[in-house]
Amino acid sequence: MSPQSGASTAVATGTSVATAGTRAGREATSAARDRLDADRVDFCQVFASSGFDPEAVLAGVNALVDDETAVVGCTAGGTFTEERTMDAGVAVTLVTSDSFRFDTALAAGLSENTRGAVRDAVRALPDDIEEPYQSAIVLHDGLSGVGEQLSLSVQRRLGPYVEFAGGAASDGLRMESTPVFCDESVVDDAVVIVLVSGEKRPIITVNHGHSPISEPWEVTEVSGNVVHELDGEPAFAVWKDAVRDHAVETTGVAVDDVPVGSTALRKLMVEYLFGIDQGETYKIRWPRTAIEETGALQFAVDIPEGTVLRVMHGNKADQIASAEQAAADAVSLCDGPIAGAFVYDCACRQILFDDAFSATVDGITSTLSAPVAGFETYGELCMQAGQLSGFHNTTTVLFALPE
């Protein structure tokens, strides 16, 4: 999909499924640059499947953008644009704009000192910004396990009126290495912040498509991201009690017969996650696996003691509809046409959807009628004005740029 001529902001995407990293980076960037048809590129976001050498991908990308282009990105389990979805590929998005300014910063040491890493990144951003509106894109190492702490630290440093969106880098559920990119650097255990300043405000939306099916339980014993007990009972047993009848009725699966560690249990835990009541909505938390020996549940992010959780359910149809609704919300909130959008969508959805994931992307792109690029994350960031928590699981988050 080509950008519209005459717009103050134009976005174009390109993809490649070449097996060599440098070639894939060059092919995807070349395709995007041809579609952009602009004299300069102000911003570039790269999503590269984890099977590639990320340094090689970045070398291919940087060879075809401008010296002044702000380049960021991360590894991904899967990538997509309005053109196609890819289990193994590179997706590149290029932006040229007279309305927006893009400033980037990178900081390492995220898992050991989240606040310090965010502080260092924000301090590296320029302080001579005169544009009236600021938003941010935040990418971070998906294995750091600090998504909620990160979102709160970014909000504290950027201020309550700077909305932001982004995602946790992923590696196709291998859980080995999930670095982020900035310019020519590829760094593990790091965060990248893109401050987007402009005469207009980018549109940020979020939707998850899950509904509660259980009573609430309080987390009564927890170690970091491992929840041992809910209301004093083993967490895995509580989860099974909550989903047992519903799973038989809706999927025909007997939860007690599903082995711990199996693909079948992983898929069931994507369909039956937990939600934290946020008033008008729920924040989703994914119980990544069960620990058979202790009956505990290991989540994708730290769960504080005292957190109140409910089991949630969301089927394929609800998930596809929720992604499309996130796009529809962006269209309704934008005063004019959307130039393009970045999509941060959880890797859990791929487990749930199997071959139906492309239908989700089709729903987003047809609703936006604009170039789209995204990746399957290990968690999504979306902090809107007035919110107190910004890390999500199994959720679609959009960051859309108006023309």
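# A walk through the predicted model

Ser 99 sits in the loop that links strand E6 (90-97) to strand E7 (100-108). The model shown here is a predicted one. Ser 99 is buried, with a relative accessible area of 7%. What does Ser 99 touch, beyond residues up to four places away in sequence? The list is Ser 8, Thr 9, Ser 197, Gly 198, Glu 199 and Lys 200.

Now turn to helix H6, residues 263-271, where Leu 268 is found. Is Leu 268 buried or exposed? Its relative accessibility is 4%, so Leu 268 counts as buried. Setting aside neighbours within four places in sequence, Leu 268 is in contact with Trp 239, Val 253 and Val 255. Leu 110 is another matter: 158 residues separate Leu 268 and Leu 110 along the chain, and their C-alpha atoms are 31 Å apart.

Thr 396 belongs to strand E27, which covers residues 396-402. Thr 396 has a relative accessible area of 0% and is therefore buried. Gln 325 is 71 residues from Thr 396 along the chain. The C-alpha atoms of Thr 396 and Gln 325 are separated by 9.4 Å.

Next come the charges on the surface. Arg 115, Arg 123, Arg 156 and Arg 157 gather there in a positive patch. Which helices supply at least two residues each to the positive patch? They are helix H3 (114-124) and helix H4 (147-158). Arg 115 lies in H3. Arg 115 is exposed, at 58% relative accessible area.

The surface also has a negative patch. Glu 215, Glu 218, Glu 221, Asp 231, Glu 233 and Glu 305 form it. Glu 218 is placed in strand E15, residues 217-223. With a relative accessible area of 37%, Glu 218 is partly exposed.

Opposite charges come next. Side chains of opposite charge can pair when their charged atoms come close. How many salt bridges does a search of the whole structure find? The search finds 11. One of them joins the side chains of Arg 23 and Glu 27, at 2.7 Å from N to O. Both residues lie in helix H1 (residues 21-36). They are four residues apart, about one turn of the helix. Arg 23 is exposed, at 53%, while Glu 27 counts as partly exposed, at 31%.

Arg 244 forms a salt bridge with Asp 241, and the closest N and O atoms are 2.9 Å apart. Arg 244 and Asp 241 are three residues apart in helix H5 (residues 235-251), so about one helical turn separates them. Asp 241 counts as exposed, at 51% relative accessibility. Arg 244 counts as partly exposed, at 26%. Elsewhere, salt bridges with shared partners join Arg 40, Asp 42 and Asp 98 into one network.

Arg 101 and Asp 103 also meet through their side chains in a salt bridge, 2.7 Å from N to O. Arg 101 counts as partly exposed, at 23% relative accessibility. Asp 103 counts as buried, at 13%.

Finally, look at the backbone. Most residues other than glycine have a negative phi. Met 175 is not a glycine, yet its phi is positive, about 60°. Met 175 lies in the loop between strand E9 (163-168) and strand E10 (180-182). Met 175 counts as partly exposed, at 30% relative accessibility. Asp 183 also has a positive phi, near 55°. Asp 183 lies in the loop between E10 and strand E11 (185-187). With a relative accessible area of 35%, Asp 183 is partly exposed.

Key: Residues numbered from 1 in each chain as written. Predicted model: local features only at pLDDT ≥ 70, side-chain atom pairs only at ≥ 80, totals over all residues. Heavy atoms only, no water. Patch = residues over 30% accessible without salt bridge, like charges linked within 9 Å, V, L, I, M, F, W, Y side chains within 5 Å. Areas by Shrake-Rupley, 256 points an atom, 1.4 Å probe, with all protein chains shown as cover. Salt bridge = Lys/Arg side-chain N within 4 Å of Asp/Glu carboxyl O. Lys, Arg positive; Asp, Glu negative; His and termini not counted. Charge placed at Lys NZ, Arg CZ, Asp CG, Glu CD. Buried < 20%, exposed > 50% of the residue type's maximum accessible area, 1.4 Å probe, protein only. Contact = heavy atoms within 4.5 Å.
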